[in-house]
Amino acid sequence: MLPAQFDVSTASAAERKLFDLLKNDPDTKDWIVLHSLGLARRGKKPYGEIDFVVLIPAEGVFCLEVKGGRIACQNGEWATTNRFDQTEILNRSPFLQAREGMFALRDSVLNRAPAGFPTGLIFGYAVVMPDVSFSAKSPEWESWQVIDHEVLKKSISSALRLVAGEQRKLHSKPLATEPNASTLRVLQQLLRPDFEIVVTRGTQIEETELQLLHLTEEQFVILDTLADNERCLVEGAAGTGKTMLALEYARRSAAAGRRTLLICFNRLLGDWLDRQAYESGRVETLTAGRYFKLLRDVIVRSSLASEFQEQEKNGQTAQLYENTYTDCGRLAVEERNKPFDVIVMDEAQDLLRPGVLEVLNFWIKGGLAAGCWAIFGDFQRQAIFSSTTGDELKELIKNSAPQFAKGRLILNCRNTRNIGEETALLSGFASPPYRMGQIAGLPVDYRYYQSPENQREALAEVLKRLLTDGVKASDIVIISHLKLSNSSVAGTDGGDYFRIMEIGELIPARTRTPIIRFATTQAFKGMESPVVVLCDVDQIAEGEPQSLLYVAMSRARSQLTVLVHEQAKPSIVECVRRKLQEGWNKKS
């Protein structure tokens, strides 16, 4: 079968049925079947297409026109009607279509065939109507040129051998052994040639990105749930689109004239949400960013500014965020007395804590129990900033607001299928925490190193290869659980190819060397990138290492490379073994 799989873009159920019949018939194992063969010229028409071209050893070349559904011909005008009772008027008879296609194909083959090609090769045609019993008679066709529902009750191979036998009777001296194996190879190369024009990795990633960036039906359902309920908790594993939905819901809320606060814990994500809010043109009704930054802005504009800044200067970090922000923040919010109509929280597993909820209770009209809010979180493996369990975090919400709706996202729409599967495997899930998408994408690339020097060399090689293959430097992020200064990839020599900079640094105004960003797993949480190179993976163990892997690997949308220490190689091998076990991927 060329191609080996049915093209999902083809709408015809009849063609799909015939494709499966030809592929699965044991008597067609030495045949060559070409589906949807385009013709540069078909009769007087500039372009045409033959539904199927079947090359049968020692029989010939046969062109099949497929017509599904009901078939009718009134006053010489042919029409088909599908299962939805939709009728299509055909430009001409399907037998004429098949005949024209056969002659155009024969002329194309003979005009381009190499010396010694058999000129007496048999060409024939038939019309396949798999959904009906076709008994109409006409001088326009022979009865054996009709392959209908009744004929297919036997097998497609026997039906086509009948066509071949009758077609060969029309020739005075048919070639008994043609097409032989050599002729079949020539035909295949003439009709659907094998060649290789390399598709760059950059192009593959661009195409994958276009397929990934859209709202799924599941996400639209959640948006409807949010619209119908004043308070809603939405759970979903990494890659199921929580941030996209949080932003979209906040935009819609702001567009409706409601003052909306969109918050998260992570600084990079907060900065990105802030930019998105600004670009939405809803600056009067939509405030977005990192929770602690936004709360600090309120505090320093209040009467508590001096007291807070003094404690900020002298206090310990943990004490500051646990107590000072809560106490001063609640009083500053009350003093300002401008509560929001709606609060949207993303990455809630990192932000939820009693002090935060205490402040939000005053920052929203009606408080958390009666106000309008939407909370998005992954309470399985992404809570890397706190030892509090997912159930305990959700219990905090219940204590603040006993009544709220719930939604769940289970389709991974961020990562390709390969990245989603590998992420779940290495993160230690007994089965995937999400349903995989259908975009396979590039395989995850594992590179093993034995020493810091090996890892630097491997990273330089990977980055040079990506850039040479047309991937933009801005689409690549290097991630590690270590800071760049503590990572063994610090000092990686990119020469004129690239330069590595931490994600918070300002890029020089004038630089010809591509800049590739480096971020810690913790800093890049909630973010994503088309291409991720994960480094410093020296162990794959339960607990924090697997949680960090889950977060880091799931940041990659289209391409993921993992630099792994040799000591962790057995764990990778075990994960591959689990992947092959029947039943592991039951959610996909």
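Two strands are taken to pair if DSSP finds at least two bridges between them, and helices (H or I, at least four residues) and strands (E, at least two) are DSSP runs numbered from the N terminus. This is a predicted model, in which local features need pLDDT of at least 70 and side-chain atom pairs count only at pLDDT 80 or more, while totals for chains, interfaces and linings use all residues. Residues are numbered from 1 along each chain as its sequence is written, and side-chain values use heavy atoms, with hydrogens and water left out.

**View 1. An open antiparallel sheet of three strands, in the order 4-5-6.** Strand 4 (70–74) and strand 6 (87–89) stand at the edges with a single partner strand each, so one side of each is left without a neighbour in the sheet. Strand 5 (residues 77–81) pairs with strand 6 in the antiparallel sense over three bridges, and Thr80 has Glu88 of strand 6 as its bridge partner.

**View 2. The buried residues of helix 1.** Ala14, Glu15, Leu18, Phe19 and Leu22 are the buried residues of helix 1, where buried means under 20% relative accessible area, exposed over 50% and partly exposed in between (1.4 Å probe, protein chains only). Seen down the helix axis, these buried residues fall within an arc of 140 degrees, taken over the directions from the axis to the C-beta atoms, so they line one face of helix 1. They pack, with contact meaning heavy atoms within 4.5 Å, against strand 1 (32–39), strand 2 (48–56), strand 3 (60–66), strand 7 (123–129) and helix 3 (156–169).

View 3. Cys73 is partly exposed at a relative accessible area of 37%, whereas Cys328 is buried at 3%.
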